[in-house]
Amino acid sequence: MRKKYLFYVLAIVSSFILAIVATMDSTICFIFHQNSWNYWVCALAVFLVGAPITLLIVFILSLPINGKSLGSKLDPSFKRIRLVKREELSYYLLAGAANAIQTAGYYLILSRFGDPSMALPFNQIVILYLLSIESIAEKNSPTMAELQCAIIVTFGAIMSSLSMGGLDIKALLVVFLIINPGWCVVSIYQRKLKLLKFGGKPNDSINIRFWNVIFSTIFVVLIALIVDKSLLLQAFYAASKYFPLLGVLMSLGFFSYVLYIRALGIGKASVTQAIRASSIIFVIPFSILLGRFFYADSLHLLIKLMGIVLVILGITSLSLTDVKAYLFINVKQGYSKGVLMEKIWKIKGVESIATIAGGTDLIAKVRTRSLGKGYERVIRRLEEVEGIEEFKWQSILKEWEEI
Amino acid sequence: MIKAFVMMIVKVGELENVLEQLRKIPNIESISVVTGEWDIITKAGVETLEGLMKLTDKIQLIGNIEKTTTQVVEKEISL
């Protein structure tokens with residue numbers, strides 16, 4: 001299967017399940033609100049049920065069938081449930097803490113709006129944060145096209161989140177300062193976890209999700225103990241009362257996240273998040289089912305639909321503008337291939353580089369947003385590297401990759 | 001694990017047929033259709049050099065490929 005197709009299938013299926021999860025979330029928020037339980041109780045109850053349910057699912061997925069685990073059908077890297085490895089611990093701690101905080105923020109927003117089609121687009125603004133962080137962490141600074149797409153997505157998200165009462169500034173602050181930075185940290189560290197290799201094999205998304213839920217539960221409980229211990233008692237009561245509903249929610253959430261984490265292992269976090277933004281379309285039928293989509297008047301409805309179109313346009317452009325190429329490089333006599341390899345690896349846009357035995361000395365794979373950027377960011381830098389005899393650029397027109 | 005790039009030049013009009021045959025060969029990690037000196041660049045991963053020979057043999061047996069070159073990876077850095 002082409003890697004690109006698998007990536008899109010994973011991200012889109014994940015976003016469809018996410019739309020169902022968001023609908024259930026808003027229903028749960030409504031029920032909790034009626035019981036006078038706040039958003040912290042909601043987040044606590046979700047994780048208190050989520051931890052044992054996720055454990056049960058991972059145990060079932062660990063069952064062997066024809067020599068392979070059941071979960072290997074979901075993620076071929078998965079063998080069985082396992083303990084956290086030392087090199088993973090810091091990533092789990094950071095992702096768990098961020099997930100705990102952003103979940104509480106998410107339920108706060110949901111309890112304010114009630115309509116999942118209004119709350120979900122807010123989350124898509126996280127792309128801006130991801131683009132900024134990727135530019136620092138992954139030697140891949142955003143291009144003008146990426147910035148334009150990100151701005152389109154942001155404005156679209158704000159437009160589609162407009163409510164009858166206009167813009168809710170307090171809610172926007174929660175989104176910009178709590179939910180999106182939190183989710184950004186979760187995405188970055190989940191991707192880092194997915195890219196880890198143990199014994200030459202890639203890390204699996206099932207154990208990553210399981211341990212993320214466990215660590216998030218620990219942090220949610222710790223925060224509740226610090227803030228107000230009575231929240232924990234309320235959450236235990238709520239969890240026992242609505243166990244089946246919360247159990248279904250967390251089971252669906254588990255599969256949505258496993259697919260999302262697998263997609264993160266293939267594509268950049270910002271692009272995965274961009275495709276996952278399609279959940280804002282999938283959520284519309286569910287929102288209509290809840291009878292909330294048509295609460296707005298025709299003008300608001302039009303603005304909302306325009307916002308959704310903008311988000312989709314932005315994410316499509318973001319994910320489809322990609323130029324890849326192979327660079328065949330020959331090194332001058334008297335220069336070390338190893339040293340040059342390290343120098344070329346530092347050039348932005350170089351995804352991989354290999355020293356070769358044969359006619360060519362080095363083969364690098366490059367990914368940029370445009371051919372122009374390829375010239376500016378790669379070729380010009382390459383020409384500054386001393387010791388290169390000649391290089392050839394071969395643009396990739398089409399590509400298949402085995403996953 | 002031994003990794004190698006296999007580059008090939010394909011007869012005009014036979015690209016789709018060759019791609020179809022290449023996609024059936026196990027151990028090929030990626031197939032790229034490129035512009036320039038070569039038409040197709042494939043990346044393969046095999047356990048032994050004998051495995052690499054078997055793989056290149058399979059590629060050689062595909063008709064309509066004019067020229068192939070195999071270059072073995074000594075060291076690789078990737079994201």
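Student: What is the mean pLDDT of chain B, and what share of its residues reach 70 or more?

Tutor: The mean is 90, and 99% of the residues of chain B reach 70 or more; pLDDT is the predictor's confidence in each residue, from 0 to 100. This is a predicted model, in which local features need pLDDT of at least 70, side-chain atom pairs count only at pLDDT 80 or more, and totals for chains, interfaces and linings use all residues. Residues are numbered from 1 along each chain as its sequence is written, while chains are lettered from A and ligands numbered from 1 in the order in which they are written.

Student: In which elements of chain B is confidence lowest and highest?

Tutor: Confidence is lowest in β4(B), at a mean of 89, and highest in β1(B), at 93. For the model, ipTM is 0.90 and pTM is 0.67.

Student: Why is α7(A) called oblique to α8(A)?

Tutor: The axes of α7 (residues 169–195) and α8 (residues 205–227) of chain A come within 10 Å and cross at roughly 140°. That angle makes α7(A) oblique to α8(A): under 35 degrees counts as roughly parallel, over 145 as roughly antiparallel, 65 to 115 as roughly perpendicular, and the rest as oblique. Axes are lines fitted to C-alpha atoms, for helices over the stretch in contact, and angles run from 0 to 180 degrees between N-to-C directions. Helices (H or I, at least four residues) and strands (E, at least two) are DSSP runs, numbered from the N terminus.

Student: Which residues make the contact of α7(A) with α8(A)?

Tutor: A:Gln190, A:Leu193 and A:Lys194 of α7(A) meet A:Ser205, A:Ile208 and A:Asn212 of α8(A); contact requires C-beta atoms, placed from the backbone, to lie within 7 Å.

Student: What makes β6(A) and β4(B) a pair?

Tutor: Two strands pair if DSSP finds at least two bridges between them. Six bridges join β6 (residues 350–357) of chain A to β4 (residues 65–78) of chain B, so by that definition they pair; the two strands run antiparallel. A:Ala357 stands opposite B:Val72, and A:Ser352 has B:Ser78 as its bridge partner.

Student: How many bridges link β1(B) with β4(B)?

Tutor: Seven bridges link β1 (residues 2–10) of chain B with β4(B), in the antiparallel sense. B:Val10 is bridged to B:Ile65.

Student: Which element gives the most to the side of chain B that touches chain A?

Tutor: In the interface, 24 residues of chain B are in contact with 25 residues of chain A. β4(B) gives the most to that side of chain B, with nine residues.

Notes:
Contact = placed C-beta atoms within 7 Å.
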